[in-house]
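Me: I have a new model open and could use a quick tour. Can we go through it bit by bit?
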Amino acid sequence: MKRIIALVLALCFLVALVPAALADTRTDARVAADKAVAHYKAGKTLSSWWDVLAVTAAGENPKTGFALPEVPTPEKTASACATTILHLLARGENPRAYFPGLDLVTTLSGLQNADGSFGALSVHVYAVLAMEICAPQGYRRQAAINWLGSQQCADGGFTYSGSMGDVDMTGMALLALGRLGQEKSDAVTRAVAFLKKQATAAGGFIPFWSDKENSCSAAAAVWGLTAVGQTEAAAPMVKNLLSFQMASGAFCYEAGGGEDGFSTQQALLALADAAAGSSVFSRLTFGGERYVLSPLAQAFGDSANVSPWAVEYVYKVYTLGLFQGANGKFNPLKPISRSEVAAVLQRVDGTRPATEKPVSDLPEGRWDTAAVRYAVGAGLLDAPGGLFRPETPATREEVAVAIARLFSLDTARAMEKYQRGDFQILDMNKAKAENRPAVAALYAEGIMVGSGGYLRPGEAITRQEIAKVFALLFE
């Protein structure tokens with residue numbers, strides 16, 4: 001049977017995946033980034049590695065339609081090696097083999113100091129980003145994290161020098177902390193609080209040496225906050241950054257100033273990240289013999305962890321808006337929780353009226369409250385005795401039941417086909433009796449078929465496995 005489900009889904013799906021204000025911010029960022037890219041295309045020349053990175057972050061191929069800057073053989077310093085690596089990554093080149101006889105990644109690894117640093121704070125950030133993308137096991141990672149934490153000022157910020165935090169350097173430090181997976185660390189919490197405190201009512205920043213806001217500080221805050229998953233906190237700063245864009249698509253440094261190349265590259269990088277909802281440094285990845293910014297890598301920083309068979313399904317549910325990940329990561333091998341399943345179901349069909357049913361283990365104010373109440377009230381997921389168990393991993397048979405209920409599948413007929421031997425599920429006896437008709441229905445539709453005739457109905461379903469289920473629903 002041709003997928004009737006796909007038609008039903010297509011008709012009922014158009015549910016906001018993020019708060020409206022945040023969705024608007026991403027749209028505005030995308031529009032502004034496209035204008036900035038058009039400015040670069042008009043000039044046809046990318047002058048620095050930052051220009052190349054910014055254009056790549058916006059989804060453009062820097063090798064098409066641009067004159068690229070030269071990549072000279074770098075001096076064997078951490079600064080030169082790290083920035084050259086990032087330049088080559090942004091161009092789609094392999095920094096391990098670009099220069100004959102010179103592996104830049106190995107060279108950079110050998111330049112890490114005894115205290116874990118690679119040099120000054122900015123150099124350390126570039127080096128950490130380069131190593132994390134190319135060879136996260138190839139350097140003393142924890143020592144690098146520890147040193148970075150030791151540089152934090154008492155006010156929560158990071159600085160070029162002195163004892164008071166600086167917005168630009170704090171944003172840069174957050175780039176590294178985000179790529180290092182430190183989003184929930186105390187260092188990040190304090191740095192985020194510092195940026196929020198420093199922001200003006202308009203979402204901008206006024207450095208101590210000036211009485212005006214500037215675009216570069218706003219850009220640094222946006223890319224730093226985005227790198228650690230603080231996209232909502234970055235929203236007013238994105239709005240502020242947009243005020244510096246000129247009719248040409250370029251950016252000025254301060255209001256009333258002229259076009260500024262450095263400000264434009266910084267702003268484009270920030271806006272590209274804001275539009276994507278993740279840092280370009282989490283989206284750059286290694287593919288085969290060259291470094292690429294693949295479609296899936298643009299969506300999730302841990303795309304390399306997605307099993308090859310699941311890549312097309314994960315990307316499909318992402319483009320459909322059913323799965324967004326967390327902090328720029330998809331976590332493909334992680335079991336999906338019952339709450340997360342409820343959220344996906346609501347995104348598919350959030351308009352169906354739901355009868356309120358009490359859920360005693362779901363406090364007010366949680367991110368999943370509305371989704372769980374929807375799923376339970378609509379009868380898609382059960383909450384015996386009022387207990388939903390939101391953090392418990394969902395099982396494959398629970399997902400089968402929810403989908404069968406949502407689309408009113410003919411489970412009785414499917415069970416009849418199974419019983420007369422039209423198809424085999426070798427471990428059907430492992431499913432709860434009341435769930436077997438739903439399991440049979442999804443198996444018969446080819447939506448959930450397991451492997452080798454075994455469905456493993458009572459086992460937890462991973463995020464990449466359920467991605468395949470929902471991707472198939474839309475075929």
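Me: Where does Lys 44 lie?
Reply: This is a predicted model. Lys 44 lies in the loop between helix H2 (20-43) and helix H3 (49-57).

Me: What about its phi?
Reply: Lys 44 has a positive phi of about 60°. Yet Lys 44 is not a glycine.

Me: Is Lys 44 buried or exposed?
Reply: Exposed, with a relative accessible area of 54%.

Me: Now Arg 456. Which helices is its loop between?
Reply: The loop with Arg 456 runs between helix H20 (436-444) and helix H21 (463-473). Arg 456 is not a glycine either, and its phi is positive, about 50°. Its relative accessibility is 29%, so Arg 456 counts as partly exposed.

Me: Is Cys 252 buried or exposed?
Reply: Buried, at 6% relative accessibility. Cys 153 is buried too, with a relative accessible area of 6%.

Me: Last one, helix H7. Which residues are buried there?
Reply: Helix H7 covers residues 141-150. Ala 143, Ala 144, Ile 145, Trp 147 and Leu 148 are buried in it.

Me: And what covers the buried residues of H7?
Reply: The cover includes helix H6 (121-134) and helix H8 (167-179).

Technical notes
Residues numbered from 1 in each chain as written. Predicted model: local features only at pLDDT ≥ 70, side-chain atom pairs only at ≥ 80, totals over all residues. Heavy atoms only, no water. Buried < 20%, exposed > 50% of the residue type's maximum accessible area, 1.4 Å probe, protein only. Helix = DSSP H or I, 4+ residues; strand = E, 2+ residues; numbered from the N terminus. Contact = heavy atoms within 4.5 Å.
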